[in-house]
Amino acid sequence: MAAEGTSGPGAWSPGSVAAAASKHNVTSFQRRGPRASGTESGGCRLVSIAGTRPSVRNGQLLVSTGLPALDQLLGGGLAVGTVLLIEEDKYNTYSPLLFKYFLAEGIVAGHTSLVASAKEDPADILQGLPAPLLDDNCKKELREDVHNDETSEFNSKMKIAWRYQLLPKMEQAGPVSSSKFGHYYDASKKIPRELIEASKWHGFFLPEKISSTLNEEPCSLTPGYIKLLQFIQKIIYEEGFDGSNPQKKQKNILRIAIQSLGSPLWGDDVCCTKNCDNSHSLTKFLFVLRGLLRTSLSACLITVPTHLIQNKAIIARITNLSDTVIHLESFIGSNRETNPLYKDYHGLIHIRQIPRLNNLMYDVSDVKDLAFKLKRKLFIIE
Amino acid sequence: MFPELNDLLNASPDRAEPGKLTLLCDAETDGSFLVHHFLSFYLKADCKVCFVALVQSFSHYNIVGQKLGVSLTTARERGQLVFLEGLRSAVDVFFRAEGEAHPLHFLREAKAASLQPLYEFVREALEPVDQREAAWKRPVLLVDDLSVLLSLGVGAVAVLDFVHYCRACVCCRLQGNIVALVHDSGDAEDEESDVLLNGLSHQSHLVLRAEGLATGFCRDVHGQLRVLWRTPSPPAQRGRSLTFQYKIQDKSVSFFAKGMSPAVL
């Protein structure tokens, strides 16, 4: 199944209702069509941005989560303008991986990243990203890319099979990236330093931001959330992700990743008591954040330690307020660890919610609960 | 608008009954298809619609509306539709200067007390002002969904008050209709949500309740819909409740009796 994740948009052919039916349609032709022309085929109709592709279901622009198998489960990828909420596993072992894959994918695809955390310095998080597994051609291209744009263009021309040269080249490769949608990563290696240096990113580290001012206007949100919202809004506005500067040459995607939102470090007490005073902070934050995302070219991934939240009602509300929700459940410390059925796996991944976008129905995948395992290098979902 | 649902409810755009509160409720599934149904239903019925949309963006409703045969853009230009886009307004309220009155002003307040600005907005939107407005048959208020208000820090009682005011204004005085969606939180122990749901069920004339299947996810049956008539009329249907199963398709929803899915027959 993990291998199928690379098959690209062809796996979700338009018109076919049942997912099973569409699987039969994955002939070599269907598969190659969208791949050969890359993201451009429909992208030129919308906005052509590296590392994105339009959804065949609802016309939304999709970005990869950095995990092709997960993309496939979510109906092709994460739609731009939506929130992906990851409920952390109990010991927080595997959710940081998804978090890092998401960021690494953004860096490889040349997107701008925004990392927010209350725990680790964003710069450190970026240093610890997994290295992309590119095939040799790509790797060479990438290395030279960093130094010289000209040669890379030449290089990629050589690489393409002769019959594809006839196709009009619609998209200029970004400065760093391979514009392919979705990559595999080697979790045992760190991302090359030059890639990070070449990429554009903003860090929001709560302890740095919060110390400066203490007297705020009275508002129902915790100060940390207000700061973060203002920070995100400033970046979206200043760098034209809201489409306010149409004269900007290259449109890009902003990837927002927020770590352990709602944990006590954010100054939120939903994790501590059942009936807290500002229990609406988190839900309000999510609502305004979603408003920001819907009006801009950005996608957001949030991890939330839901097992810490005392009040079940808040979890239900958080789920209702985000678009896609997946839950990670690791086997560490549970009796499933010894269950022979699961002996090859490290945990389960539950898909709690899939958004309905521009559509009455959502992308139906056959299974909602899947198992994952972490190999030495790869994170595999099946 | 789903013709099959109209048949089940014995309604059609030509003869929509005035003064009714319809409660849409979803439990462990997504009931938004009902909202899309009523939105297109009332737009086709030439009603003046005020749509308080807190969940999705305008373009989402517009694109789905087009699949169901109505254009929200033209309706808005003609003045038939007044659209309050919650997500966009939230950003405006939150980041713009203070002082301006906004229907969602409670977002800024530390203790969100009342929904009065929102009610004023609805009243102004639906109040007939001149002769041209009279071209529309009757006013309709549509809310998607009320549970979001709870998440935004409004108390359940405040939301019930809001609905009550709207009912007095829209249903009684202007002889219009109200349709509102709420989530049933089920076993999530959400007290406020339970208060809201019970209070609304008590007030409403017709309850449509979409539920996920008890047996879990299924590809051919997406859920079941319970219909409960609480109105005095028509007498034959008073207190009657019906259960159907449904399957959502690309442009419509098909309903069938329990266990009678075409896929299993």
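A:Arg317 counts as buried, at 10% relative accessibility. The model is predicted. A:Arg317 forms a salt bridge with B:Asp190, and the closest N and O atoms are 3.0 Å apart. A:Arg317 lies in helix 13 (residues 312-321) of chain A, while B:Asp190 sits in the loop between strand 5 (177-184) and helix 9 (191-203) of chain B, so the pair joins two chains. B:Asp190 is buried too, with a relative accessible area of 5%. Buried here means under 20% relative accessible area, so both partners qualify, A:Arg317 at 10% and B:Asp190 at 5%.

The count comes to 16 salt bridges over all chains. How exposed is B:Glu120? B:Glu120 counts as partly exposed, at 26% relative accessibility. B:Arg123 is partly exposed as well, with a relative accessible area of 27%. B:Arg123 also forms a salt bridge with B:Glu127, and here the closest N and O atoms are 4.0 Å apart. B:Glu127 counts as partly exposed at 23%. Shared partners join B:Glu120, B:Arg123, B:Glu127 and B:Arg173 into one network.

Stay in chain B for a residue in another helix. B:Phe162 is found in helix 8 (residues 156-173) of chain B. B:Phe162 is buried, with a relative accessible area of 4%. Which residues does B:Phe162 touch, leaving out those up to four places away in sequence? They are B:Leu115, B:Leu118, B:Tyr119 and B:Val122. B:Leu118 is 44 residues from B:Phe162 along the chain, and their C-alpha atoms are separated by 8.3 Å.

Aromatic rings come next. A search of the whole structure finds 16 aromatic pairs over all chains. One of them joins A:Tyr225 and A:Trp266. Their ring centres are 6.1 Å apart and their planes stand at 35 degrees, so the pair is tilted. A:Tyr225 lies in helix 11 (residues 223-238) of chain A, and A:Trp266 in the loop between strand 9 and helix 12 (281-294) of chain A, so the pair ties together parts 41 residues apart in sequence. Both A:Tyr225 and A:Trp266 are buried. In chain B, B:Phe41 and B:Tyr42 form an edge-to-face pair, 5.1 Å centre to centre with 85 degrees between the planes. B:Phe41 is buried at 4% relative accessible area, and B:Tyr42 is buried at 6%. Back in chain A, A:Tyr225 and A:Trp266 belong to one aromatic cluster with A:Phe204, A:Phe231 and A:Phe285.

Rings also meet charged side chains. B:Arg76 lies over the face of B:Phe58, at 4.0 Å from the ring centre. In chain A, A:Arg255 lies over the face of A:Phe102, at 4.8 Å from the ring centre.

Which strands pair with strand 9? Strand 5 (residues 112-117) of chain A runs parallel to strand 9 of chain A, joined by five bridges. A:Ala116 stands opposite A:Ile258 of strand 9. Strand 10 (residues 298-304) of chain A also pairs with strand 9 of chain A in the parallel sense, over five bridges. There the bridge partner of A:Arg255 is A:Ala299.

Chain A has an open sheet of three strands in the order 1-2-3, with antiparallel pairing. The edge strands are strand 1 (52-54) and strand 3 (78-79) of chain A, each pairing on one side only. Strand 1 of chain A pairs with strand 2 (residues 61-63) of chain A over three bridges. A:Thr52 stands opposite A:Val63 in strand 2 of chain A.

The last stop is A:Ser95, in helix 5 (residues 95-108) of chain A. A:Ser95 is buried, with a relative accessible area of 1%. Its side chain makes a polar contact of 2.6 Å with the side chain of A:Asn92. Beyond residues up to four places away in sequence, A:Ser95 touches A:Ile86, A:Glu88, A:Asp89, A:Thr303 and A:Leu328.

Technical notes: Residues are numbered from 1 along each chain as its sequence is written. Chains are lettered from A and ligands numbered from 1 in the order in which they are written. This is a predicted model: local features need pLDDT of at least 70, side-chain atom pairs count only at pLDDT 80 or more; totals for chains, interfaces and linings use all residues. Side-chain values use heavy atoms; hydrogens and water are left out. Helices (H or I, at least four residues) and strands (E, at least two) are DSSP runs, numbered from the N terminus. Buried means under 20% relative accessible area, exposed over 50%, partly exposed in between (1.4 Å probe, protein chains only). A polar contact is a pair of N or O atoms within 3.5 Å; within protein, one must be able to donate a hydrogen and the other to accept it, and residues adjacent in sequence count only if both atoms are side-chain atoms. Contact means heavy atoms within 4.5 Å. Two strands pair if DSSP finds at least two bridges between them. Rings of Phe, Tyr and Trp (its six-membered ring) pair if their centres lie within 6.5 Å; planes under 30 degrees apart count as stacked, over 60 as edge-to-face and the rest as tilted. A charge sits over a ring if NZ of Lys or CZ of Arg is within 6 Å of the ring centre and within 35 degrees of the ring normal. A salt bridge is a side-chain nitrogen of Lys or Arg within 4 Å of a carboxyl oxygen of Asp or Glu.
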